[in-house]
Amino acid sequence: MSGPTVTPIPAVKSSGATARQGRRTDSRAKRLVIHALLTFAAIVALFPALRVLGVAMRPGNRILDSQFSLIPEGATFDAFRHVLFETDLPLWLFNSLVITTGTALVGLLIAATSAYAFARYKFPGRGLGLTLLLMTQLIPAAMLLVPLYILAVQFDVRDSFVGMVIALSVTSVPFSIWILRGYYETVPIELEEAAQIDGCSKLEAFWRVLLPLSTPALAIVFLFNFLAAWNDFFLPRILLSKEELLTWTLGLARFQQQFQTQWNDLAASAIMISIPVVALFLYSSKWLVSGVTAGGVKG
Amino acid sequence: MSLEAVTTAITQVGLTLVAIAFLVVVLEGLLYLLLVRILRYRHAIPLMLVAPAAVGLAVLVVWPLLWELNVSFTKMSLRNFGDPGFLGLERGWFVGFENYGQVFSQPVLQLTGFWQLLGQTVLWTAANVTLHVLGGMALALLLHRQMRGKGIYRALIVLPWAIPQVIALLVWRTEYNYEYGAVNQLLGMIGVAPIQWLTEPVPNFVAMIITNVWLGIPFMMVIILGGLQSISSDYYEAAEVDGATSRQAFRNITLPLLRPVLTPAIILGTVWTFNNINVPFFINPNELETSDILVTAIFRQAFQYNRYGDAAAFAFVVFLLLLVFTVFYVRFTGSLKGAYE
C-alpha cells in the first residue's frame, strides 16, 4: 500500500562547497568529538544488522543465548543452507519478485504518461487532479484494506496473484506522478520544441526527447514502486493465505510464529533478503542528483 | 520450490498484465473515437494521457472508498457477510448513522475507546516527529562539513531506512525479548534491571517509539542535509564579517533558509507517522490496546474482530481528522504555495 511504505529518495545536491565546508575552522578537538558522535550514530544504525549476523551464525544448540555476544562460539552457516534448501523461502521470494516486477512496470507506464500531461498541457481538471492525487497520500492503508478485502472476496480473487497485482499497481501511482511531473518540468521545453520544428509531433517529442532525458527519474520511480510493493505486508496478509502463494514478507512473519525459537533461520533469511535491497537503495540514492522533493513539492 | 508453483505465479501475473494492457488499449481507442473523431475536443490528448491513471485510481481507490462509505451505514460483520447492496437496505442491514455514533460512545476495540486511541496517536505522532527532526537535524549538522569518511558515515546512518521495514521490525521485536533480546542484555551491562518491553503498556509504547525513531531519522537527515547544502555560503561569510556567533548564524540563517525543505518534510513525516501501521503492529505482539493507534485499531476492528461496518465508519472518522489537520496545516504554513504554479 502507499503511505508510509512509499519513501522518496530526496534531493541530494552534491555540488557547491558551502561555508561550513569551506571554512575549515574546526579545531582538532572538535573534529574528534564530531567523529565520536558520528561513529556512535553509525553503530546504533548498524547494530541490529550486526546482531542479526551473529544470530544467523549461531549453531543449533545455542540459538537462545542469554549471553550477549556479537560473533557466537562455534559459528556456522547452517541456517543459511537450511532456509535456502529446506524451506519455502525461495518460492516466497520468487512470488514477491514476479508480483513486484509486474506492478512496478504497470505503475511506471501509467505514471509516466499522466505526469507528461500534467507537466506540459493545460487542461480542464488539471488542478483538481493534482489536488486529488495529493489527497490520496492521506488515506491510511488500513482504511483501504477494508473495502479491498471485501471486494476481493466478492470477486473471488483471494489466494491468487490477480488481485494482488491489480490492487498494488496503482498504489504508488499518485506519488510517482508528482515526482515525474516535477522532473519533467526541470527539462527545458525548448528541447521538445526544437524536435517539433524538425518534424516530430508533440507526442513523438515526448517519446524521443523527454523520456530519454528523464531516465534517472524513471529509474527512481520504478525503484520506488518496486520497493513499495516488495516490502508490502498488509495487502498480502489479507489477500493470500495458501502456503505456496505467500510473499516473502508474509512468509517471514509466519516463520517467526511457527518456529518461535528458530531465530537463526529468521536472521539468515533477513540477511539474504536485505543485502540486495540495501545495495539497490544505496546505489540509487547516490546517483539521484535531481531534486525529487524540490520537484514534487515546491517549497 | 516446485515447477508447478512457479508456472502458476508467472501465468497469473502474466495474464493479469495482458488483461490490463488490453483494457488500456480499449480505453484509449474509445476515447480516441469519442474525443478526437466525434467531439474534436481540443484537450483530447492530455485527457487521453491521463485516462489510464484516472481510471485505475477511480476503480481501485475511489470506488472502494465509496463502497466503504456504503458499508459504514450497515451492520456488516462476520455474521452478516456478503454484498450489502445499496446501504444494506434489502438485507435489512441498514443502521443509519449508528456506527458513527458508536465510534465515540462505545469501545472501538475490546476496552479502548476513540478518545484514548486519539490520545495515544497524538502522543505517538508528536514524539516521533519531534525526535525525527531533532535527530535528523543533529546528524545533518554534524555531517555537513569537509571531513574524512563522510560518505561512509552517511551510508551507514541511512541503513535503517534502506533495510526492508518488515525485516527491521521482526529483528527489533526479537531484540525486545525479555531474556534473550539485545536491549535487555545491553541494559544489564550498565546495571539496569531487565524491562518487560513486550508485555507492559508503558515500556511497550516506549519500545515502539524507539524503533520508529531509529527507522525515521535517516529520512529527515537526508532531507535536511540536502537543504543545508543548498544554502549559499555567502550568507555565512557575510555573517562572519559582521561578527555573528555560530549560534546566531544557525538561528538567523540556517533555520529560516531550511524552512522550505523542513515544512513539507514535517507534513509528510506527520502523515506517515500518523498512518504508520507497521511499527505499532509488529512491536506489539501481545496486542496491548494501550499501544494501538487509530490506524491499527481500524485494522484490528476489521480483520480481528470482523466488525466491517463499525470499522468502515471508524475509518472515515480517522480520515476526516487527518484531512482537516493537513488542510489546516498546509494553509497555515503556506507550504504548498506554487506547487500548482
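Biologist: Which handedness does the crossing have where α1(B) passes α2(B)?

Modeller: Bear in mind that this is a predicted model. The two axes, α1 (residues 3–38) and α2 of chain B, come within 10 Å and cross at roughly 150°. As α1(B) passes α2(B), the crossing is right-handed.

Biologist: Into how many nonpolar, polar and charged residues does the contact of α1(B) with α2(B) divide?

Modeller: On the α1(B) side the contact has B:Val24, B:Leu27, B:Glu28, B:Leu31, B:Tyr32, B:Leu35 and B:Val36. They meet B:Ala44, B:Leu47, B:Met48, B:Ala51, B:Pro52 and B:Val55 of α2(B). By class, the residues of this contact come to 12 nonpolar, no polar and 1 charged.

Biologist: Which helix of chain B gives the most to the side that touches chain A?

Modeller: Between the chains, 95 residues of chain B are in contact with 98 residues of chain A. With 15 residues, the element that gives the most to chain B's side is helix α2 (residues 44–71).

Biologist: And how many nonpolar, polar and charged residues does the side of chain B that touches chain A have?

Modeller: That side belongs to the contact of 95 residues of chain B with chain A. Sorted by class, it has 69 nonpolar, 20 polar and 6 charged residues.

Biologist: Let's stay with helix α2 of chain B for a moment. Is B:Trp63 buried or partly exposed?

Modeller: B:Trp63 sits in helix α2 of chain B. A residue needs 20 or more other C-beta atoms within 10 Å to be buried, and 12 or fewer make it exposed. B:Trp63 has 13 such atoms, so it is partly exposed.

Biologist: How far apart in space are B:Trp63 and B:Ile298, C-alpha to C-alpha?

Modeller: Along the sequence, B:Trp63 and B:Ile298 are 235 residues apart. In space, their C-alpha to C-alpha separation is 19 Å.

Biologist: Now to chain A. How many helices and strands does the secondary structure of chain A come to?

Modeller: Chain A has 299 residues, and 48% of them are buried. Of its contacts with a separation of 6 or more, 78% are between residues 24 or more positions apart. Its secondary structure comes to 15 helices and 0 strands.

Biologist: How many of the 14 residues of α8(A) are buried?

Modeller: The end C-alpha atoms of α8(A) are 20 Å apart, in agreement with the 20 Å that its residues should span at 1.5 Å a residue. Among its buried residues are A:Phe175, A:Trp178, A:Arg181 and A:Tyr184. α8(A) is mostly covered, and its buried residues number 12.

Biologist: Within what arc do the buried residues of α10(A) fall, seen down the axis?

Modeller: Helix α10 (residues 202–213) of chain A reaches 16 Å from its first C-alpha to its last, close to the 16 Å expected. Buried in α10(A) are A:Ala205, A:Phe206 and A:Leu210. They line one face of the helix, because down the axis they fall within an arc of 100°.

Biologist: What separates the C-alpha atoms of A:Val153 and A:Leu239?

Modeller: A:Val153 lies in helix α6 (residues 141–154) of chain A. With 16 other C-beta atoms within 10 Å, A:Val153 is partly exposed. A:Leu239 is 86 residues away along the chain, yet the C-alpha separation is 8.7 Å.

Biologist: And what separates the C-alpha atoms of A:Leu280 and A:Arg81?

Modeller: A:Leu280 belongs to helix α14 (residues 263–287) of chain A, and it counts as partly exposed with 15 C-beta neighbours inside 10 Å. Along the chain, A:Leu280 and A:Arg81 are 199 residues apart. Their C-alpha atoms are separated by 24 Å.

Biologist: What value is phi of B:Glu287 near?

Modeller: Most residues other than glycine have a negative phi. B:Glu287, in the loop between α11 (278–282) and α12 (294–303) of chain B, is partly exposed with 13 C-beta neighbours inside 10 Å. Its phi is positive, near 50°.

Biologist: And what value is phi of B:Asn306 near?

Modeller: B:Asn306 is in the loop between α12 and α13 (308–333) of chain B. B:Asn306 counts as partly exposed, with 15 C-beta neighbours inside 10 Å. Phi of B:Asn306 is a positive value, near 55°.

Notes
Residues are numbered from 1 along each chain as its sequence is written. Chains are lettered from A and ligands numbered from 1 in the order in which they are written. This is a predicted model: local features need pLDDT of at least 70, side-chain atom pairs count only at pLDDT 80 or more; totals for chains, interfaces and linings use all residues. Two residues are in contact if their C-beta atoms, placed from the backbone, lie within 7 Å. Helices (H or I, at least four residues) and strands (E, at least two) are DSSP runs, numbered from the N terminus. Ala, Val, Leu, Ile, Met, Phe, Trp, Tyr, Cys and Pro count as nonpolar, Asp, Glu, Lys and Arg as charged, and the others, Gly among them, as polar. The expected span of a helix is 1.5 Å times one less than its number of residues. The arc is that of the directions from the helix axis to the C-beta atoms. Axes are lines fitted to C-alpha atoms, for helices over the stretch in contact, and angles run from 0 to 180 degrees between N-to-C directions. A crossing is left-handed if the near helix is turned anticlockwise from the far one by less than a right angle, and right-handed if clockwise.
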